[in-house]
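Welcome to a short tour of one protein chain. Have the viewer open and follow along as we go from helix packing to the sheet and then to some backbone details.

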Amino acid sequence: MGPLMLDFQAEMLLPEEKEKLAHPTVGGVILFARNFYDKAQLRALIDDIRKYARSPILIAVDHEGGRVQRFRDGFTHLPAMGELTALSHSKNEALSLSRACGVVMAYELKNMDIDFSFAPVLDINNISQVIGDRAFGSVSGEVIPLASALIDGLHEGNMPAIGKHFPGHGSVSADSHIALPVDERTIEDITRVDMVVFKSLISENKLDGIMPAHVIYSSVCDKPAGFSHHWLRTVLRKQCAFRGAVFSDDLSMHGASVAGNYTDRARAALSAGCDMVLACNNEKGAEAILDGLSNDEVSHVKTNSEQVLLPLANRTLSINKETYLAAQQQVLRALDKR
C-alpha cells in the first residue's frame with residue numbers, strides 16, 4: 001500500500017486516473033462532492049477504483065455531518081457534532097444520539113464500500129471559525145464523552161475512527177486552508193485544553209488513525225505539527241503511546257506551503273512520521289509527488305506503514321439493517337427538533 005492518497009476530478013474515472021491508481025506510490029483515494037451524483041454511480045466509481053488499483057487501497061471521505069458531509073442525496077443528513085447537546089434533553093440523550101450518528105455513518109458508508117470517514121473532529125471549539133460547530137464542544141469534558149460515543153457507533157459497524165486535528169486546531173483563528181496558523185500557547189496550555197482529548201481516547205484504544213494539524217505551535221516547534229518529528233514521533237508515538245495510522249492533512253492547503261514544493265511536502269510529512277499523505281484539489285501537485293518520490297523512498301515507507309494502514313482496509317460491515325434503521329430514526333427525530 002503506497003503512501004499517497006489522492007483525489008479525482010469527476011463522477012467517473014478518467015483514463016489517466018486509472019493509470020495513477022496502478023502507481024505503486026498510490027495507496028488511497030479521498031472522495032468529494034464532485035465525485036457523487038447518486039448511490040448507483042458512487043458504487044460504480046468505487047468498484048472501478050478497486051479494480052484499477054490492483055492492490056489494497058483505502059477509500060475515504062470527509063463525512064462528519066453538518067456542513068462537512070460530501071454525500072447528501074440518498075444519505076442521512078447528519079447534524080454537526082456541535083449540535084448534539086442542543087438537540088438533546090439530557091447528557092445521556094446526547095451521548096445516545098452521538099452513538100447513533102456513528103452507527104448511521106458507518107452503515108451508509110460501508111455499504112458503498114468506503115473504508116472510513118475522516119472523523120471525528122476532536123478539536124476544542126474555541127476561536128477557530130473553520131472548526132466551529134464541527135467540534136463536539138468548547139471544553140474537553142464535553143468533547144471526550146461525545147466523541148467516544150460516536151466512535152463506539154463507528155466501531156459497532158467495524159469502521160475505523162480517525163481523530164483530527166492533533167494536537168488541537170481550535171485555539172487559532174486563522175484557517176489553515178488559506179493561511180498558516182500560529183498557536184503561541186505554552187505546551188502546558190495545549191496539553192491541558194486540547195491534547196487531553198487525544199490522550200484520553202488513545203488510552204482507551206478508541207482511535208485507529210490521527211490527522212495532525214497544519215498549525216505551528218511556536219512554543220514547542222517551528223514546524224506545523226504534520227511536519228514535526230517532535231509532535232509525531234516524540235509526543236504522539238512515545239508520550240501518548242499511539243499505535244495507529246497517521247494521515248497528513250491535505251498538502252495542498254496553505255498551511256502546508258511552509259514545507260516547500262509538493263514533493264518536499266510529502267517527503268517532510270513522511271519523514272516526520274506520517275504513514276500516508278493527502279494531496280487533494282491540485283492534480284499537478286499530486287503528479288509531482290508521484291514523479292518525485294523515489295522507488296526506494298516508497299518501499300521504505302511501505303515497510304514501516306503497512307502494518308497500521310492495511311488493517312483499516314475492507315473491514316466487513318458488522319451492523320444489521322434493523323440496528324441501522326433504529327439509529328437513523330433516532331437521528332431524524334432529533335433533527336426534527338430544530
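## Two helices side by side

A crossing of helices is called right-handed if the near helix is turned clockwise from the far one by less than a right angle, and left-handed if anticlockwise. With that in mind, look at H4 and H5 in this predicted model: their crossing is right-handed. The axes of H4 (residues 140–156) and H5 (residues 187–203) come within 10 Å and cross at roughly 30°. Angles under 35 degrees count as roughly parallel, and H4 and H5 are therefore roughly parallel to each other.

Which residues make the contact between H4 and H5? On the H4 side they are Ser140, Val143, Ile144, Ala147, Ser148 and Ile151, and H5 brings Val193, Val196, Val197, Ser200 and Leu201. Sorted by class, this contact has 8 nonpolar, 3 polar and no charged residues.

Now turn to H6 (residues 229–239) and H7 (residues 262–272), whose axes come within 7 Å and cross at roughly 20°. H6 and H7 are therefore also roughly parallel to each other, and their crossing is right-handed. His229, Leu232 and Arg233 of H6 meet Leu270, Ser271 and Ala272 of H7. Here the classes are 3 nonpolar, 2 polar and 1 charged.

## The sheet

The strands form an open sheet of 8, with parallel pairing and the order S6-S3-S2-S1-S12-S11-S9-S7. Its edge strands are S6 (116–117) and S7, each pairing on one side only. As a general point, strands of a sheet pair through backbone hydrogen bonds, either parallel or antiparallel.

S2 is joined to S3 (residues 58–61) by 4 bridges, and S1 (residues 4–6) is joined to S2 by 3 bridges. Glycine 28 is a handy landmark: it stands opposite leucine 58 in S3, and methionine 5 stands opposite this glycine 28 in S2. S2 is mostly covered, with 6 of its 6 residues buried.

S7 pairs with S9 (residues 209–212) in the parallel sense over 4 bridges, and lysine 164 stands opposite methionine 211 in S9.

## A buried loop residue

Threonine 25 is buried, with a relative accessible area of 1%. Leaving out residues up to four places away in sequence, threonine 25 touches Gly2, Pro3, Leu4, Leu290, Leu293 and Val298.

## Backbone details

Two cis peptide bonds are worth a look. One joins alanine 119 and proline 120, with omega about 10°; proline 120 sits in the loop between S6 and H4. Another runs from lysine 164 to histidine 165, with omega near 5°, and histidine 165 is found in strand S7.

Positive phi values also turn up in residues other than glycine. Asparagine 205, in the loop between H5 and S9, has phi near 60° and is exposed, with a relative accessible area of 67%. Alanine 241, in the loop between H6 and S11 (245–250), has phi near 60° and counts as partly exposed at 38% relative accessibility.

Definitions and conventions: Residues are numbered from 1 along each chain as its sequence is written. This is a predicted model: local features need pLDDT of at least 70, side-chain atom pairs count only at pLDDT 80 or more; totals for chains, interfaces and linings use all residues. Side-chain values use heavy atoms; hydrogens and water are left out. Axes are lines fitted to C-alpha atoms, for helices over the stretch in contact, and angles run from 0 to 180 degrees between N-to-C directions. Helices (H or I, at least four residues) and strands (E, at least two) are DSSP runs, numbered from the N terminus. Angles under 35 degrees count as roughly parallel, over 145 as roughly antiparallel, 65 to 115 as roughly perpendicular and the rest as oblique. Contact means heavy atoms within 4.5 Å. Ala, Val, Leu, Ile, Met, Phe, Trp, Tyr, Cys and Pro count as nonpolar, Asp, Glu, Lys and Arg as charged, and the others, Gly among them, as polar. Two strands pair if DSSP finds at least two bridges between them. Buried means under 20% relative accessible area, exposed over 50%, partly exposed in between (1.4 Å probe, protein chains only).
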